Amino acid sequence: MASDDSTVQLRVGMRVELVGLQARPDLNGTTGNLKSYDATKERWAVQLDSGEGVKLFKAANFKPLEVAESPMAEIQGDVMKRQLEAAVNADKKYSAERSLTQRVLPSGRDGVLDPIMWHITKNICEDKPALARYTMSCMASMLKKPEQAGDLPLDDASLDARVANFLKAFRDAA
């Protein structure tokens with residue numbers, strides 16, 4: 001579903017999901033933040049959560065994400081900070097025990113959420129967009145309905161072990 005510019009006013013900082021891309025269908029479903037508008041090219045610059053940097057897209061290729069739809073939108077307060085710190089520390093320990101190399105955060109990735117989303121996508125989920133979306137969706141579920149966090153299938157053998165470790169630490173720190 002592409003954006004209908006008559007009902008949604010795009011603005012810098014808005015969260016969007018890419019849709020309807022034909023030249024790069026692998027980016028459909030990727031989320032990001034609108035950074036600026038290039039009137040000459042009639043394209044928006046989008047900082048992609050996938051870690052691919054900033055790319056230009058037509059407004060028709062956006063599904064604006066309302067605050068409630070953004071997987072990380074509810075991250076706030078001390079509890080969330082504690083959960084994120086515990087999950088990142090658990091991942092560092094997991095990686096060290098297995099001699100896994102961590103990619104270094106590139107410069108320009110700042111703010112509160114950008115570095116953690118980059119880490120989830122690039123390090124924990126190893127550039128697998130579907131796995132990154134699943135991970136962030138689980139985190140959002142745990143935030144919205146903490147009483148149901150134990151119902152998530154984090155012990156499922158088919159779930160990536162590193163992702164499961166990260167999500168369990170996130171859940172258990174609540």
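Predicted model: local features only at pLDDT ≥ 70, side-chain atom pairs only at ≥ 80, totals over all residues.
**Positive phi values**

Most residues other than glycine have a negative phi. Two residues of this model are described here against that background. Ser99 has a phi near 55 degrees, a positive value in a residue that is not glycine. Ser99 belongs to the loop that runs between helix 1 (77-97) and helix 2 (114-124). The relative accessible area of Ser99 is 66%, so this residue is classed as exposed.

Glu126 also has a positive phi, near 50 degrees, and is likewise a residue other than glycine. The loop holding Glu126 lies between helix 2 and helix 3 (129-144). Glu126 has a relative accessibility of 43% and therefore counts as partly exposed.

**Ring contacts**

The search for aromatic pairs, run over the whole structure, returns 1 pair. Its members are Tyr37 and Trp44, with 5.2 Å from centre to centre and 55 degrees between the planes, a tilted arrangement. The planes count as tilted because edge-to-face requires an angle over 60 degrees and stacked requires one under 30.

A ring contact of another kind involves a charge. The charged end of Arg98 is placed over the ring of Tyr94, at 3.7 Å from the ring centre.

**Cysteines**

A disulfide is a covalent bond between the sulfur atoms of two cysteines. The count of disulfides in this model is 0. For Cys125, which is in no disulfide, the nearest cysteine sulfur belongs to Cys138 and is 10.0 Å away. The relation holds in the other direction: Cys138 is in no disulfide, and its nearest cysteine sulfur is that of Cys125, at 10.0 Å. Cys125 has a relative accessible area of 1% and is buried. Cys138 is buried as well, with a relative accessibility of 4%.

**Accessibility of the residues discussed**

The table collects the relative accessibilities given above.

| Residue | Relative accessibility | Class |
|---|---|---|
| Ser99 | 66% | exposed |
| Glu126 | 43% | partly exposed |
| Cys138 | 4% | buried |
| Cys125 | 1% | buried |

Methods: Residues numbered from 1 in each chain as written. Heavy atoms only, no water. Helix = DSSP H or I, 4+ residues; strand = E, 2+ residues; numbered from the N terminus. Buried < 20%, exposed > 50% of the residue type's maximum accessible area, 1.4 Å probe, protein only. Phe/Tyr/Trp six-rings, centres within 6.5 Å; stacked < 30°, edge-to-face > 60°. Lys NZ or Arg CZ within 6 Å of the ring centre and 35° of its normal. Disulfide = S-S within 2.5 Å.
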